[in-house]
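Here is a short tour to read alongside the model. Please keep the sequence and the 3D view open as you go.

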Amino acid sequence: MKKLWKLTDEASNRFYFANSAAAIRDGLAEQIEYFVITHPDLKLVSIDTLQKVRSPTGDSIYAADYGDFSALKTVADKHSLAMMMVCHTRKMADEDIMSAVSGLSGITGSSDSIWVLKRASRGVGDATHTITGCDVEFPELKLAPRDCRWSLIERTSKEELEEREIPDCVLRAVEFMAANDDKAWCGSVGELIEVAAVEGVTAATFGRLLAQHSIFMRVRGVAYPHEAHEHRATCQPGEGLL
């Protein structure tokens, strides 16, 4: 409540705050639906936290997650509501935001979109906000807290997001060619591993990854003619691995 008072002295008369509710399996969906009927202008329902309205069950964790979310989603879809369920995140380092949500894939699998707000460490105020979903363009936002509100600092570029999906060995090959004074290089994939100081990958795997990410490399001025010479590579900035 202290944070609410910091946000405003007078809340909108369209804002309703409940400090108790039934569990999902004990009628929460019906409670929400009744409230919608009596307040037809309702557009957003926020549940904080989801675990507070969960019940112990003998079902599998996946089935329980999916069943609880489906019950709430049915009400949301029926009445065109936006419904936000706040969950905890895993205490682990993971670049995949889908894996950051506490619980199994029943939660992420039944949600239209997943929002993850993550601080670098407990004592750091700034955070990274990422969103993913079936019909959502994947954004990553750098945010900072200002008077109980999050302010946008920076939006991660599309190029940086794409680069994160590229294996380190492929990025190392691109860096090697960017620093290559001869502007062209020819040799086997195994030889490229040595001259580019690529680590932790076999020649066969490296060759496959170079071919798989050839479009990414070509955009950055490096072409890889894997169709003609499966085990040979020539690199030329501006025109690619030739």
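How many helices and strands does the secondary structure of the protein come to? The protein has 10 helices and 9 strands, where helices (H or I, at least four residues) and strands (E, at least two) are DSSP runs numbered from the N terminus. This is a predicted model, in which local features need pLDDT of at least 70 and side-chain atom pairs count only at pLDDT 80 or more, while totals for chains, interfaces and linings use all residues. Residues are numbered from 1 along each chain as its sequence is written, and side-chain values use heavy atoms, with hydrogens and water left out.

**Overall figures**

- Of the 242 residues of the protein, 34% count as buried; buried means under 20% relative accessible area, exposed over 50%, and partly exposed in between (1.4 Å probe, protein chains only).
- The protein exposes about 16,100 Å², and carbon and sulfur atoms supply 52% of that area; accessible areas come from the Shrake-Rupley method with a 1.4 Å probe, and for residues only the protein chains shown count as cover.
- Among contacts (heavy atoms within 4.5 Å) between residues at least 6 apart in sequence, 46% join residues at least 24 apart.

**Strands and sheets**

- An open sheet of 4 strands has the order β3-β4-β5-β6, with antiparallel pairing; two strands pair if DSSP finds at least two bridges between them.
- The edge strands of this sheet are β3 (113-119) and β6, each of which pairs on one side only.
- From one strand to the next, the twist averages 30°, with axes being lines fitted to C-alpha atoms (for helices over the stretch in contact) and angles running from 0 to 180 degrees between N-to-C directions.
- Strand β5 (residues 140-146) runs antiparallel to β6 and is joined to β6 by 6 bridges; Lys142 has Glu154 in β6 as its bridge partner.
- Elsewhere, strand β1 (residues 44-48) pairs with β2 in the parallel sense over 5 bridges, and the bridge partner of Ile47 in β2 is Met85.
- Strand β2 (residues 82-86) has Met83 and Met85 on a covered face, with Ala82, Met84 and Val86 on an uncovered one.

- In helix α9 (residues 203-212), Phe206, Gly207, Leu209 and Leu210 are buried.
- Seen down the axis of α9, those buried residues fall within an arc of 165°, so they line one face of the helix; the arc is that of the directions from the helix axis to the C-beta atoms.
- On the other side of α9, Ala204 and Gln212 are exposed.
- The buried residues of α9 pack against α7 (168-178), α8 (189-195) and α10 (214-219).
- Ala196, in the loop between α8 and α9, counts as buried at 0% relative accessibility.
- Leaving aside neighbours within four places in sequence, Ala196 is in contact with Arg172 and Phe176; Ala196 and Arg172 are 24 residues apart in sequence and 6.6 Å apart in space, C-alpha to C-alpha.

**Two further residues**

- Thr156 sits in the loop between β6 (149-155) and α6 (158-164) and is buried, with a relative accessible area of 8%.
- Not counting residues up to four places away in sequence, Thr156 touches Glu140, Lys142, Leu161 and Arg164.
- The side chains of Thr156 and Glu140 are joined by a polar contact of 2.7 Å, meaning a pair of N or O atoms within 3.5 Å; within protein, one must be able to donate a hydrogen and the other to accept it, and residues adjacent in sequence count only if both atoms are side-chain atoms.
- Tyr62 lies in helix α3 (residues 61-78) and counts as partly exposed at 38% relative accessibility.
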